[in-house]
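Dear colleague,

Please find below the structure that I am handing over to you. My notes on the findings follow directly after it.

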Amino acid sequence: MNQYRQWVLGVFGMALCGVSTLGYCLPKLSDDEGYILVAMKIEQGYVPSHITLDTDGWLSDLRFEDVTSNYNYWLEVVDAGSYTWDRVYLAKQTYIDISEQDYVINVEAGKINYAGHLSMYTEMNGSLNFLIGGARFYFNNKASQALEYMEASHPEVLAQYNLNYTGKEKDHFFEYAKAIEGNQL
């Protein structure tokens, strides 16, 4: 009877997960975990096959695929720490190493951590097998766009965890937006 009850509760929980925006499906963060919000904008040129971020530890690189030609966002649960943009892969073996640019996302436990958008411009030859004009990268703070993405795509996460800007410069936009929420004219 006890196994039947656990099965019914499990099915009920999955049903709530499928129709809920109240956080029933959220993974429980451990004390040393937080969310990382990785954001990339392809401004012009080639769309990479995937990108990687690096952190300390053995086999701890993060890999993000399904890159599109405009805005790209990925939200993942990760261990607290610093994550550096590492490589932009143009093909399986062809990549641009951007680790020396020192684009870092610091992840604090119990928060949704955002440090900026990586913007990329490239110029490729006609067969897309090498760069003819090089590649340019910029790391920009687009906090309002990150907030819009979270509100539209992950409202249940946003309801439970605070957005945290961890870029190089101080920015209090997320705190300001939270303070005026519900006080619209």
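Accessible areas here come from the Shrake-Rupley method with a 1.4 Å probe, and for residues only the protein chains shown count as cover. On that basis, the accessible surface of the chain comes to about 11,500 Å², of which 50% belongs to carbon and sulfur atoms.

The model is a predicted one, in which local features need pLDDT of at least 70 and side-chain atom pairs count only at pLDDT 80 or more, while totals for chains, interfaces and linings use all residues. Residues are numbered from 1 along each chain as its sequence is written, and side-chain values use heavy atoms, with hydrogens and water left out.

Overall composition

The chain contains four helices and 11 strands; helices (H or I, at least four residues) and strands (E, at least two) are DSSP runs, numbered from the N terminus. Of its 185 residues, 39% count as buried, where buried means under 20% relative accessible area, exposed over 50%, and partly exposed in between (1.4 Å probe, protein chains only). Among the contacts (heavy atoms within 4.5 Å) with a separation of 6 or more, 66% are between residues 24 or more positions apart.

The nonpolar cores

A nonpolar core is taken as a set of buried Ala, Val, Leu, Ile, Met, Phe, Trp, Tyr and Cys residues joined through side-chain atoms within 4.5 Å. The largest has 25 residues, of which I36, V38, M40, L53 and W85 touch the most other members. At least two residues of this core are supplied by each of β1 (33-44), β2 (50-54), β3 (62-64), β4 (71-79), β5 (81-89), β7 (104-107) and β9 (117-124). The largest share, four residues, comes from β1. A second, separate core of 19 residues includes A143, Y161, L163 and Y165.

I36 lies in strand β1 and, at 0% relative accessibility, counts as buried. Neighbours within four places in sequence set aside, the contacts of I36 include L53, L62, W74, Y83, I105 and V107. E76 is also in contact with I36; the two are 40 residues apart in sequence, yet their C-alpha atoms are 5.4 Å apart in space. For M40, with neighbours within four places again left aside, the contacts include P48, I51, W74, W85, V88, L118 and M120.

The α2 and α4 helices

Helix α2 (residues 143-153) packs with helix α4 (residues 173-180) at an angle of about 50°, with the axes 10 Å apart. Axes are lines fitted to C-alpha atoms, for helices over the stretch in contact, and angles run from 0 to 180 degrees between N-to-C directions. The two helices are therefore oblique to each other, given that angles under 35 degrees count as roughly parallel, over 145 as roughly antiparallel, 65 to 115 as roughly perpendicular and the rest as oblique. The contact is made by A143, S144, A146 and L147 of α2 together with F173, F174 and A177 of α4. A177 counts as buried at 17% relative accessibility, and the C-alpha atoms of A177 and L147, 30 residues apart along the chain, are separated by 8.8 Å.

Backbone points

Most residues other than glycine have a negative phi. D66, in the loop between β3 and β4, has a positive phi near 60° and is exposed, with a relative accessible area of 69%. D102 also has a positive phi near 60°; D102 lies in the loop between β6 (95-97) and β7 and is partly exposed, at 41%.
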